[in-house]
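Good morning, colleagues. Please turn to the sequence and the structure, which I shall now display.

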Amino acid sequence: MTRDPDSDDRSAGQPVPLEARSSRVSVAGPVAPSKRILTLDVLRGVALLGILIVNTAVFFAPLSWMMIADSVWTDGADRVASFAMSWLAHGKFYTLFSMLFGLGMWLQLRRAMERAAAPAPPWEPPGEVGYASVAASGGSGAFVWLYVRRLGVLLAIGLAHGLLLWFGDILATYAVCGVALLVLRFAPDRWLLVIGAGLLLLSLLPTAAFTLLALLTGGMGDAMEAFRQAGESELAAYRSASLGVIQQQRLRDWMLTSTYMLFVTPTVLAMFSLGLVIGRRRLIEDAAKHLRLWRMLALIGLPVGLLFNFGHAMLTSMVELTPTSLVGHVLLTIGAPLLMLGYVACVVLLMQVGTVRRLAAPIAAAGRMALSNYLLQSVVCTTLSYGYGLGLMGHLGPAQWMGVALLLFAIQCPLSMLWLRFFRFGPAEWLWRTLTYGRIQPLLRPAEAV
């Protein structure tokens, strides 16, 4: 049995008598819409758009073409769009989603502790919630079990998405890496930042190793032609009207991208750590108290991040693994999180303006339904691209991909607002919550709230 997450918990955040604590069987539940943090929803919406723009490269073109993009896209507009995506989007938005994932976990843990209403032990530093205070909350075991179930459901959704719809899924990666959050939540902020920096450095090792191997073996040889031939094979499969042929190619690409996800895991975990710190310090919740920090991040993150990522876009080649391309990857490893934080700082600062907050409502609505909209993007784009739909794979270039992404997101924003007028959650969020809590969650909003 679980607590009714939609009940009016008027005791949340208030001291609870010791005898009453033992009777509580759960300390977790979905957050009420009125308690949502608007800036976080806007950031989720921004991340949703950014990830869509990046993902179009493998929605509308063979995976192998990513390795030889410079030789495939020769049109001027396509070259400009491809460069812009590499410079401004590549590596910036999955890191943003990762940071928000870590922050979201902290908000869930904090709500669990508030519902248990146990004070932090006096020996713990302010703002640092460690093992003692979590254990004292009376809800640590319940929270851990619920969070593991939450990750398990996300893993199932991610596997279904990747194996049956689109091979580029990242949900399963978040679900597996999310287990680490249950350990990291005990670490002090300074250690989380040190761990995050170390993980970012660790993420460079695979590229450095492959570059060294390429230098020792005399380069990549005929890799360019091999990628071109592989791309032609992928094109033929995805343009096929046979669901069986498409599924076989999807499974091959899923296995390949799953291997790639192992290489981005250190970066994902680093951003999880950063999200925990931002959540603990209430840097977004209480942004008005931290405007000096956000201004500094905007002034540093944007120009330095843009410069480093420009260098990455200019120097990096996926095929020609050379010391020069390795420098490009180093610039990306440092520059992508910096530029991501610059983007976040700009959003946070803009959201202090009332007019901007009102104008950002459609983006926030899309962010509230981030999971549903992420899956919907795969449904729409694969239908446009694959043979069972319009079969556009290989017929559109980067400039057109970007147009499709912007148009699709522009449609998702008002649709999300319309959906949330009548329903509490997006359909995928509702399924996630229902399976997590083990009971059907109410989906319709009360009539008086519509």
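Let me begin with terms: axes are lines fitted to C-alpha atoms, for helices over the stretch in contact, and angles run from 0 to 180 degrees between N-to-C directions. Helices (H or I, at least four residues) are DSSP runs, numbered from the N terminus. This is a predicted model, in which local features need pLDDT of at least 70 and side-chain atom pairs count only at pLDDT 80 or more, while totals for chains, interfaces and linings use all residues. Residues are numbered from 1 along each chain as its sequence is written, and side-chain values use heavy atoms, with hydrogens and water left out.

I turn to the helix pair. The axes of H2 (residues 38–59) and H17 (residues 370–385) cross at roughly 25° and come within 11 Å. H2 is therefore roughly parallel to H17, the term covering angles under 35 degrees. On the H2 side, Leu48, Ile51, Leu52, Asn55 and Phe59 are in contact (heavy atoms within 4.5 Å) with residues of H17, including Tyr374, Gln377 and Cys381. The residues of this contact between H2 and H17 comprise seven nonpolar, six polar and no charged.

Leaving aside residues up to four places away in sequence, Gln108 touches Phe143, Tyr147 and Arg150.

Finally, Arg282 lies in the loop between H12 (243–280) and H13 (291–315). Although not a glycine, Arg282 has a positive phi of about 55°. Its relative accessibility of 31% makes Arg282 partly exposed.

Technical notes
Helices (H or I, at least four residues) and strands (E, at least two) are DSSP runs, numbered from the N terminus. Angles under 35 degrees count as roughly parallel, over 145 as roughly antiparallel, 65 to 115 as roughly perpendicular and the rest as oblique. Ala, Val, Leu, Ile, Met, Phe, Trp, Tyr, Cys and Pro count as nonpolar, Asp, Glu, Lys and Arg as charged, and the others, Gly among them, as polar. Buried means under 20% relative accessible area, exposed over 50%, partly exposed in between (1.4 Å probe, protein chains only).
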